[in-house]
Amino acid sequence: MFSSRFHWDFHQNRLTQLLSEKRGAGTPILDLTESNPTHAGLTYPPDMMRAFDDARAFDYSPSPAGTVGARRAVAEYYGALGYRVPPENILLTASTSEAYAYLFKLLANPGDNVLVPRPSYPLFDYLATMESIEVRQYPLVYHGAWTIDMDGLAAAITERTRAIVVVHPNNPTGSYVKLAELDALVRLCRDRELALISDEVFSDYDFAPDPHRAGTLAVVTECLAFAMSGLSKIAGLPQMKLGWIAVSGPEALRAEAFEKLEWIADTYLSVSTPVQWAAEALLQAGEQVQMQIRERCATHLSLAREALAGAAGNILSVEGGWYITVQVPRVRSEEEWTLELLERENVLVQPGFFYDFHSEAYLVVSLLTAPEVFREGIARLRRQLDGA
């Protein structure tokens, strides 16, 4: 009776079951997976909601690509970073997830595929399957730092590949695309007539400058490229539901892609009018929230490195984002590590297999967690590692 798209097992895994049992019993949990900024104890500017005090919000005059004012505000965001991205190259969406859906509709027919990094955020398979296309993975490799395995990526391309996705920086590895990698990716996409999709939601959260790091792909000119971001991470406002796609590349291709994206957006018209009129003020006010997130993530990274120094687990190199990956001894599986941490220490972390790491054993921890929770949770993780 239902679509074959729903091929996943909807039963709770063992970690989710144990977590439900503990929460049901009223056990306090130190949640080191918290990634929702609105639940992280941040201070939002008290006047932020005044951005919605605008009578224009009551006028519905839909524009498929988004209002000129909101697109100009996004262009100014890029301008402040030193990039020229014209408003006419920007199309608004309700979220990055919706942006992926639009791009998969634009680029692929049923049965086609897109390449995505491994490890990375587990949402790709769901988003692609909902569009009746397939995901093929290309490897990120670690040798003291994360890099794209370009040979492995090239080998993953088939006749039905339509796009290559990069996450810049990756979630959860926190690794950015480097300039040399971007050059290789652009040449490959140009020569094979593929699109390049860049998920840049965490791009503002680097821990240190790096002259070898690529900037936004919103200014790529040699191949068709799409850069995505939104208020969810940039301003810590996931509830406001405003994202965007910046389209770049050879002018004829860019123009055709944008026209077709407008047709797709016109079919749904999902972006609300109030958030579009508020976009400029929200982006400006969100800078205060972003500063708090940057400071917290940097502080927690230093705290974690100090707390785990000399322990049986080590933190892998990380350049930015909100997460760290802790490599732990293979004396037990990732599932066993997470279950024992939750059972014995009431600490919740994510196992590496949630992000499809190529091997065991890795634990993923959010740096966004409230300070008192993070400090105690990391101390208990150290205690568990010492007892391994």
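Modeller: Contact means heavy atoms within 4.5 Å. The model is predicted, and in it V141 touches W146, T147 and D149, leaving aside residues up to four places away in sequence.

Colleague: Why is V141 called partly exposed?

Modeller: V141 has a relative accessible area of 31%. Buried means under 20% and exposed means over 50%, so a value in between is partly exposed; V141 is therefore partly exposed. This residue, V141, belongs to strand β4 (residues 134-142). V141 and L30 are 111 residues apart in sequence and 31 Å apart in space, C-alpha to C-alpha.

Colleague: What makes β2 and β9 paired strands?

Modeller: Two strands pair if DSSP finds at least two bridges between them. T93 stands opposite G243 in β9.

Colleague: How do you know that both faces of strand β2 are covered?

Modeller: On one side of β2 (residues 90-93) lie I90 and L92, on the other L91 and T93, and all are buried. Buried means under 20% relative accessible area, so each of these residues falls below that cut-off.

Colleague: What span is expected of helix α10 (residues 334-345), and what does it reach?

Modeller: The expected span is 1.5 Å times one less than the number of residues. Helix α10 has twelve residues and reaches 16 Å from its first C-alpha to its last, close to the 16 Å expected. After α10 comes N346, with a positive phi near 55°.

How values were computed: Residues numbered from 1 in each chain as written. Predicted model: local features only at pLDDT ≥ 70, side-chain atom pairs only at ≥ 80, totals over all residues. Heavy atoms only, no water. Helix = DSSP H or I, 4+ residues; strand = E, 2+ residues; numbered from the N terminus. Buried < 20%, exposed > 50% of the residue type's maximum accessible area, 1.4 Å probe, protein only.
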